[in-house]
Amino acid sequence: LADQRGKLVVLDLWATWCLPCRKIMPEMQRLHEKYADRKIIILGGNTYERADPAELINELGITYPQLLATDPLADALGIRGLPAVIVYGIDGKVSYMDNAGTDDSLAKLESFIEAYADEHGL
């Protein structure tokens, strides 16, 4: 994450056994494609895994970068449920966190990204 300073980094923590995670991953893919030409990075973080994450990544056609075995990061952030979305601002600090399993959570996330990007010229 330190290499991404100066960019807005959206990290989606997920697991193959998490049904809401499977639901939002295609939406995270859409955001990845939408912001591909801007200083906005979408990352996946496979967390608390019980199976092979590559199977789900391939099944869903996910192309945004994935971090594997992010359990220590999730623990450090106090994550207790998945999916969880953490947004790191251009300064590298957490600027937004949400459990993304609710119907309006992705709309809130996208609104936050747009407002942050406008404010910081991203």
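Both faces of strand E2 are covered: Ile 40, Ile 42, Gly 44 and Asn 46 are buried on one side, and Ile 41, Leu 43 and Gly 45 are buried on the other. Here, buried means under 20% relative accessible area, exposed means over 50%, and partly exposed is in between, with a 1.4 Å probe and protein chains only. In a regular strand, side chains alternate between the two faces of the sheet. E2 spans residues 40–46, and seven of its seven residues are buried. The model is a predicted one: local features need pLDDT of at least 70, side-chain atom pairs count only at pLDDT 80 or more, and totals for chains, interfaces and linings use all residues. Residues are numbered from 1 along each chain as its sequence is written, and side-chain values use heavy atoms, leaving out hydrogens and water.

What sits beside E2? On one hand there is strand E1 (residues 8–14), which pairs with E2 in the parallel sense over seven bridges. Trp 14 has Asn 46 of E2 as its bridge partner. Strand E3 (residues 66–67) also runs parallel to E2, joined by two bridges, and Gly 45 stands opposite Leu 67 there. Two strands count as paired if DSSP finds at least two bridges between them. The strands themselves (E, at least two residues) and the helices (H or I, at least four) are DSSP runs numbered from the N terminus.

Zooming out, five strands form an open sheet with mixed pairing, in the order E3-E2-E1-E4-E5. Its edge strands are E3 and E5 (94–99), each of which pairs on one side only. E1, helix H1 (residues 19–34) and E2 make a right-handed β-α-β unit, and so do E2, helix H2 (residues 53–60) and E3. Right-handed means that, with the strands pointing away from the viewer, the path from the first strand over the helix to the second runs clockwise. The chain comes to four helices and five strands, running β-α-β-α-β-α-β-β-α from the N terminus on.

Then there is the inside. The largest nonpolar core has 38 residues, and those with the most contacts inside it are Val 10, Leu 13, Met 28, Leu 109 and Ile 113. E1, H1, E2, H2, strand E4 (84–88) and H4 each supply at least two residues of this core, with E1 giving the most, at six residues. Such a core is a set of buried Ala, Val, Leu, Ile, Met, Phe, Trp, Tyr and Cys residues joined through side-chain atoms within 4.5 Å. Leaving aside residues up to four places away in sequence, Met 28 touches Val 10, Asp 12, Ile 42, Tyr 64, Leu 106 and Leu 109, where contact means heavy atoms within 4.5 Å.

Ala 107 belongs to helix H4 (residues 105–120). This residue is partly exposed, at a relative accessible area of 47%. Ala 107 and Pro 26 are 81 residues apart in sequence and 14 Å apart in space, C-alpha to C-alpha.

As for the chain overall, buried residues make up 42% of its 122 residues. Of the contacts between residues at least 6 apart in sequence, 68% join residues at least 24 apart. The C-alpha atoms fill a box of roughly 40 × 30 × 25 Å, taken along the principal axes.
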